[in-house]
Amino acid sequence: MKAISVSTFGGPDVLKLQDLADPRRPEAGEVLIRVKAAGVNPYDTYMRAGTYGAKNPTLPYIPGSDAAGIVEAVGGGVDLKPGDRVYTTGTITGAYAELTLCNRAQVHRLPAGVTYAQGASVYVPYATAYRALFQLSRAKPGETILVHGASGGVGLAAIQFASAAGMRVIGTAGSDAGLQAVTREGAQAAVNHKSADYQKQILDLTHGSGVDVILEMLANVNLSHDLKMLANRGRVVVIGSRGSVEITPREIMLREASVLGVYLWGVPDDEAAEIHAAIQAGLNAGTLRPVIAAEIPLASAPDAHRKVMEPGAHGKIVLVS
Ligand code: NAP
């Protein structure tokens, strides 16, 4: 099969298209999938660079965890059959490939009407958004949610979950295309996080009372300002951070606020089951509609890794085979 292989950590050009042996036949409880699309997530780039800490893979490896495609073969005891449309929440052998081997628990049915590119854009973004919004901040209908970095995969997923649940959503983006995506997907207001006065614009939208919940995609830049935009008993959920930041703890005390963090790979099984059920329901109902910004051929994976780290997000980047 053709696959992207990484044999040394480094920049995007260490992603090499190679002819590799197909994965082994699936054993009991395993599923072999013919991959039609693979989602590109920022953490794929941290792993490729060798900067992902505890979860750095053993070299060589095939990147990617979010795939969508068609079941090719199944091992014993598996309730799927060849031809079924599926998406993954992880793989055994890597998603940036024509074939990927998975455990049954990593494979979920792709509802009719959801494309493969969309299926490859489901798990990391939507599970992260759900966990931050419902399981950690415990956001409620009627509350005001600031999705700080709303134009990317996690942000657009959070807008869709929050608006379907009756929350008032303010989303930020840094480009016109991103701002348009934010309002199109359900935010009541979109604010450019590059504007000098964007924090004032957000506070004005709440008539000065502050937002109840902030989902933060770049905490090292924004956390100290976020604390000043919170309502009493407000919660900030740190989803992304690319460095350190100084904060004034008094801003937390004054509001009896909370700062929480998400780690998608540490979710207990019972809460993961809740996440899968919510995603399946939303995909079936059409309230969750993954937004695709670009479909890029598998061979051009280096371009996809460059693109996902550039400003101007307006949906997901997926690799297609
Ligand atoms: P993405 O699709 O690349 O989107 C990145 C988002 O960050 C875009 O909306 C971008 O907006 C925004 N952004 C850029 N500069 C910003 C600023 N100064 N203030 C606020 N937002 C800014 O990435 P993603 O998949 O949504 O992931 C977002 C972050 O969460 C990444 O750092 C990722 O590694 C992390 N993450 C963490 C977990 C976890 O378990 N903790 C899980 C999934 C993702 P513009 O491009 O419009 O400027």
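This is a predicted model: local features need pLDDT of at least 70, side-chain atom pairs count only at pLDDT 80 or more; totals for chains, interfaces and linings use all residues.
**Strands, helices and a cavity**

Me: What do β9, α5 and β10 make together?
Reply: β9, helix α5 (residues 176-184) and β10 make a right-handed β-α-β unit. Helices (H or I, at least four residues) and strands (E, at least two) are DSSP runs, numbered from the N terminus. Right-handed means that, with the strands pointing away from you, the path from the first strand over the helix to the second runs clockwise.

Me: OK, back to β9 and β10. In which sense do they pair?
Reply: Parallel, over four bridges, with β10 covering residues 189-192. Strands pair if DSSP finds at least two bridges between them.

Me: Which residue is the bridge partner of Gly-171 in β10?
Reply: That's Ala-190.

Me: And what joins β8 to β9?
Reply: Four bridges join them, and β8 (residues 144-148) runs parallel to β9. One place to look is Ile-145, whose bridge partner in β9 is Val-169.

Me: Which helix does the chain go through between β8 and β9?
Reply: The chain goes through α4 on the way from β8 to β9, and that β-α-β crossover is right-handed.

Me: Why is β9 called largely enclosed?
Reply: Because five of the six residues of β9 (residues 168-173) are buried, the strand is largely enclosed by the rest of the structure. Buried is under 20% relative accessible area (1.4 Å probe, protein chains only).

Me: New topic: how many cavities of 30 Å³ or more are there?
Reply: A search of the whole structure turns up one. A cavity is a set of points on a 1 Å grid over the protein atoms alone where a 1.4 Å probe fits but cannot get out.

Me: What's the volume of the largest cavity?
Reply: About 50 Å³, counted as the space filled by probe spheres set on the points, which are joined across faces, edges and corners.

Me: Which helix gives the most to its lining?
Reply: Helix α4 (residues 153-164) does, with four residues.

Methods:
Residues are numbered from 1 along each chain as its sequence is written. Side-chain values use heavy atoms; hydrogens and water are left out. On a 1 Å grid over the protein atoms alone, a cavity is a set of points where a 1.4 Å probe fits but cannot get out, and a pocket is an open set with protein on both sides within 12 Å along at least five of seven lines; lining residues have an atom within 4 Å of a point. Buried means under 20% relative accessible area, exposed over 50%, partly exposed in between (1.4 Å probe, protein chains only).
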